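Student: I would like to go through this model term by term, asking what stands behind each word.
Tutor: Then let us set each value beside its definition.

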Amino acid sequence: AGYAQKLTLSRKNATLEQIFWEVSKQSRYEFIYDADMLKEARPVNIRVINASLEKVLNECFTGQPLTYTVLQNTIVVKRKPLETAAVVLFPVKGSVTDEKGAPLPGATVRVKGTDKATVADENGRFSFADVPENAVLLVSYTGYVQAEVSVEEQEPVRIILKESVAGLNSIVVVGYGTQKKVNLTGSVSTVKSADLQVRPVGQTSAALQGLAPGVTVVQRSGQPGSDAGTIRIRGIGTLGDSNPMVLIDGIEGNMNNIDPNTIESISILKDAASSAIYGSRAANGVVLITTKRAKGNQLTVNYDAYAGWQQPTNLPKMVNAVDHMLLTNEAYVNVGRAPLYDDELIDKYRTEGAANRDLYPETDWQKEVLTGSGFQQNHFVSVSGGTDKIKSFASFGYFDQKGVIETTDFTRFSFRNNTDFKFSEKVSARFDMQFINAVQEEPGRGAEAVFHWMNRIPANQAGINTDGTWGEGWNGDNPIAFSRVGGTAKTSNRSGILNFSLNYQPVKWLRSELTIAPVIGETIGKTFNRIVQTYKPDGTKSNFLSPTKSALTETANKSFQNNVRATITFEKNIRLHELKLLAGFSREDFRNNYVSAFRDGFILPDYPVLAAGEAVNQKANGNSAEWALQSLFGRLNYNFSGKYLFEANLRYDGSSRFATGNKYSIFPSMSAGWRISQEKFMEPLAHVISDMKIRASWGQLGNQNIGNYPFASQIDFGSYTLGKQIVNTAALNTAANVDISWETTEMTNVALDIALFSKLSITAEYYDKKSKDILYVLDIPLIIGLSAPPQNVGVVSNKGWELGVNYNGAIRELEYYVNVNVSDVKNKVLDLHGINRTGLTVSREGYPISSIYGLEAEGYFTDERDVAEHAQQFGIVKPGDLKYKDQNNDKIINDLDNVVIGSTIPRFTYGINLGASYKGFNLSAMIQGVGKADGYLYRQGIMPFYEGGTVQEQHKDHWTPEHTGAAFPRLAFSEVNNEKNSSFWMKNAAYTRLKNIQLGYTLPDEWIKKMGIRNLRLYVNGSNLFTIDKFWDGYDVESPVGIGNGYPQVKVFTFGVNASL
Amino acid sequence: CNKNYLEKYPLDGPSSSSFITNEQELMLAINGCYASVPFHPSAHNCPLPVILDQVTDLGFDRNNGTLQEVGKGSHDSNNGFFLSIWSSSYSGIARCNFLLDNIDKVKNIVSEQLYNRVKAEARFLRAYHYHYLVEMFGGVPVVTTSLKLDESQVPRNTKEETVNFILTEMEAAAADLPPGYAANESGRATKGAALAIKARIALYNEKWDVAADAAKRVMDLNVYQLHPDFGELFTYKGQTSKEIIFALQYLKGIKTHNIPSQFFSRMASGFSGLVPGQSLIDSYECTDGLSIDKSPGFDPAKPFENRDPRLGYTVALPGSIFMNFQFETHKDSVKTWDYNTTPAKRVNNTDATNAFATFTGYCWRKYTDLTDKVERTTSELNVISVRYAEVLLIYAEAKIESNQVDNTVYDAINTVRQRPSVNMPSIAAGKTREELRSIIRKERKYELAGEGFRVFDIRRWKIADQLMNGIFYGRIPRGLPAAAPAIDANGTPDYSAVPNRSEMRVVETRIFKTNRDYLWPIPNIETLTNPSLAQNPNY
């Protein structure tokens, strides 16, 4: 008979009809019911494993206005008799949290169909004294999707709100305050902590890649501790320092000097309107980082950890010893030299080489150098909770990343404690502390030196002798040896931030805040270059030692930055008018003190301390600098009826970096928005267009990043020798520019925001940005004899557009999202006073900043006649050499024939973020790419035998009279013709890369509850797994301009866990 | 609020506007001028005098780079070697100008003697920079005061104007400079140095009387004399020699150079990167005073015997002891002797087997010293800029060219030829002007090879186009030339008649564009920032 089968079901907020469908699929029972009747039923939450049909049905029908009877294989659903539907009142208690379990104080809870309503308290808790038996709660909170939850007697209700798709109601952090996203009139991108923390990187900047339109992050290196991304917001606005200003909880700081796990959100202020309140430092955009704070009283402990391995994405393939010698001889003979290697030696290599590697070395330099484990791990523990008066969020982070070469490492300890005090309804305070110790370690001679030599030394040089001693390498430069035992360069970055704010709110519409935040920084360097004894093949000690003496340099740079800020905010709504006024004052001053000490000649190199070095050659040095900035700023926000929005900002900045008379400048901005969707005439479309806004902004921003004293001409001290005595010297080395003043960037922005069906949101923006009086060190005539000072020269334009599209959808229990951002910027140098530098990457009038400049290659010379008839080139030119275009037809190829051949600024940058979750599983992927960019590899990176180095396998495909359609020109040793900067060495650097992919599984509650764990998620993650590009073989397209000596980009595989108690 | 909050001034040094307020500051400033004299304009980190000969017929730079390009003739106006010389020189000039512009602030504070001396030192150093610039680039902008940005569009002075400036300045400096200093202040400019540079630049510009006069005045100072041991002069022992008139000063930890690692043999753990060529070796006379193609004392099978001793002092020859190793470069000499231990050890010979052993089979010996054996990249051996032998040769050449040959000319040449350790046969009186011209030109080569004069000599003698075109030879890897090459009046060998010439190692094939390469190009960036500077022809 019936009830025999066991059912497994897990549904949330399902309709009864859905449950019936599921049950009949699993059990062969059929349901008979009236569809209209089911409309009165409330949603069902059910989670059963191997349960009886009876249990399932009882769960489904509890509290429903319906009941059922089972007739053989049919279940008949009917209304409950009216008399049993009498209203029973009972109390309800519950809590509202976000998906991570953090309470949402202030969430509104209403009982559906009644006028009962309450607001969740500080801990997200709420209660009703009496609700009807079948009550349904409607829970809403700004920025989150409204939830409908049915109530069961006696059971506390746990309501979890999901962040709203379009994020329309979300609150966005802006300069010196917050703003509702719907009311924003400037251009602000926000990044959530979850998007950052999915990436297994040590540096926050690298994690920002691909997440926000208009924000281009380029990561050039995979070296632990040096793998930060370079952030460019809306193009490159200036010729000097183009880094955005970064504020961590309002204090200017370094984005990479914070544990990414402590970040709650990041706002990126992109246009002048939103960043002008930061005036003189905002020209390159502003990044506001907000750290996590305790949200409720409930004590929560979180533990997040991952571990994994890295390996290089790409490496050039080098030739073996015999090939190196044969190709070298070919190159020597081609330039009219005698062959370098005797045929006899090459023969011996072939016949006796394998048996006698000491005499005939064959070293795979890459294999021997890349012996680092590449292991990395991250642990982050946080404790959050408190009372109504005091709340605290304390966290401890540990990150350790070992490199793919030995002695390369990055370790960071971070400690952060954010505390909120509430003295009374009117007075509150925040007291935050952060201490970070980040230590980077690399070989004493630098990781770059390791890769330089690794890809340079021919395979026929000895790396490790057969008796295990170090071979001579190249004249004592043995990257295997010096990367493993040649001493280390260690840089410890310690910083401490205290951030104290006092808030006073005498009346509801007036708030004031005073902030004092001292920042202490310390960079301690210790570089020990240790002698490595190398041995000749016969076992005798070699005198080729690099370095020739062990040497130790210790440096200490201590800085202190003082921040004082006071703001007052007036906020009042009068009928349909909303008015907000902010005024503030701030002061920042900075001072640093640098000392260095040096000794060499360590007789006992196991004791790398200064006292162990010889006193005879000791050196000490030191210097100091300071700067100050003081500012007044203000903002006015006005909106009428939530339809017409207006904002104006003003900042008055004074800087010590300019001479008296030029110290102060004003930076204004204005913006306005119109929420069309709020207009009456849009009402018929309300179900389609959830929101629609057009906005426009204009403003001026400044830049003062030009060193500390560009206006002052200062005498430098030094030393020299006369008559074998040390003498002190003084000299004027740098020209000063007393007239130097502010650089100004003017920017206009227009944008459209649309949200459709509450699922799809689109933001499209266009901007026009022009920087004038750019602070730039322009070449000056060398006959002045002083290095050039910065001048107010140059005009640069950036015009661009951005598109961001977010879509969140669900198919039954499969929830998914697609976020796409695309942006483009056209950069152009408009004026440089006519001084157009030459060189590989140059800024020239009429072209983008850092354009690639060189000769236009026209293929290879076909024969001697071709050479003779063509314009005169460089040195001895033969068929198979590169032929360059004679741009000015003067029959001589020289500098005048150089033209801009490409641009290194990425265009059409995009990021595609995909995610899906199904039951406990979730999958996220990030695809990132560049649509258009030129890459340029040169020197030993790609040029055969550059400065005597070896060659790569791909160079075997070179021009010979018999093979004219080759990939590379004829081999020529020590001839410059083919090594000139030319379009030949340029390659398309566009790419699409699977930047990150993660698969996670959240364990079901019932499995973990017994262990006392609230939430447990396990995941696997892969970074940089897959790339499509057309760049040079052996090199990573993300570092598209290089000479082949960089630490390679890495792929990372990790697995991790998120747990909360 | 505090009005001074934004008033921040440099913490590391005084402002230039107030500088030179007392004697201490004056001395700091003049020392700063000296500090910019020994610059190292190539990747080798070697001073100018020793690298200049590598771009002549005498030497070769194996390291691919800007210097090799110049020797080979494939340079252009972007060559970093020229840029480095130009910018280093003008930065030195600016330091001198700054001092000279501000020295009057202490005129009444320091003694008149010191005021005059320091002023003369600065004028000497400024003219010293110009004397290189004018020979390398031709007429250059003669800048004599601190330039502001808006005053910097200065055109070139003519070569004549530039040369005259140097002559006048050196004369003026000589008036106020002392003949010498205490040992712990040696390295400062002296009267002799100013007159010697004056003589040098006059000679280069065919102002024969001026040159002879200035050289004679140096000789008459009776301060200088030739160092008896020619080889020792270029070692640590020779640093205090009375032959040295002006030297670039080095000291560990303060300023060092890299000559040892570039010059040493492979066995001595050097790179043998900068090396002399076969033609320098063959140009030295035999001890009988005849060239090797004429001397009965020359044996092609033992080519290094019976030769002018300066050959062996200037060049490390195969078969000699170099840095305590038996120096052998015959490719079959796979073993050699290590004299660092007693008794000597038979060891593997990397000077024969290493692919990067000297390409020519020879190394420079001048400026190599066993003291630098270990710390090869940080030598503190002073490098001579002006020495007395040069002054004697300037005197002789100027007199010969101006047709005023008398005994003093023969004396000057023979003093150089017959210093105790050299002892070459004297030149007998009665030579024609043509013969004497040949003698003096060869003598400059023998005496001064490796010291940075050759590039200017072959330019002014207008023989660079012959010497710098074609093949630069090294030794025959497994043998010797079967016969002596023909040696011309300038001492230049011609190998066309040597039977086994084809076995000689082709180290490099060079080109020299006669209509271009007699002058080096003004650095490209300088012509961009200062359009009033005209570039040299055909660059």
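Student: How many helices and strands are there in chain A?
Tutor: Chain A has 13 helices and 55 strands, where helices (H or I, at least four residues) and strands (E, at least two) are DSSP runs numbered from the N terminus. This is a predicted model, in which local features need pLDDT of at least 70 and side-chain atom pairs count only at pLDDT 80 or more, whereas totals for chains, interfaces and linings use all residues. Residues are numbered from 1 along each chain as its sequence is written, and chains are lettered from A and ligands numbered from 1 in the order in which they are written.

Student: Why is chain A called as compact as a globular protein of that length?
Tutor: The globule rule (2.2 Å times the number of residues to the power 0.38) is set against a radius of gyration taken over C-alpha atoms. For 1061 residues the rule gives 31 Å, and the radius of gyration of chain A is 34 Å, close to that value, so the chain is as compact as a globular protein of that length.

Student: What makes a residue count as buried, and what share of chain A does so?
Tutor: A residue is buried if 20 or more other C-beta atoms, placed from the backbone, lie within 10 Å of its own; 45% of the 1061 residues of chain A count as buried.

Student: What makes the largest nonpolar core a core, and which residues have the most contacts inside it?
Tutor: A nonpolar core is a set of buried Ala, Val, Leu, Ile, Met, Phe, Trp, Tyr and Cys residues joined through C-beta atoms within 7 Å. The largest one has 162 residues, and among those with the most contacts inside it are A215(B), V391(B) and Y395(B). Helix α5 (residues 112–137) of chain B gives the most to this core, with 12 residues.

Student: Which residues is A215(B) in contact with, leaving aside its neighbours within four places in sequence?
Tutor: A215(B) is in contact (C-beta atoms, placed from the backbone, within 7 Å) with A199(B), V391(B), I394(B), Y395(B) and A398(B). A215(B) lies in α8(B), and V391(B), I394(B), Y395(B) and A398(B) are among the residues of α13(B) that α8(B) meets.

Student: How do the residues of the contact of α8(B) with α13(B) divide?
Tutor: They divide into 10 nonpolar, no polar and three charged, where Ala, Val, Leu, Ile, Met, Phe, Trp, Tyr, Cys and Pro count as nonpolar, Asp, Glu, Lys and Arg as charged, and the others, Gly among them, as polar.

Methods
Contact = placed C-beta atoms within 7 Å. Buried ≥ 20, exposed ≤ 12 C-beta atoms within 10 Å, placed from the backbone.
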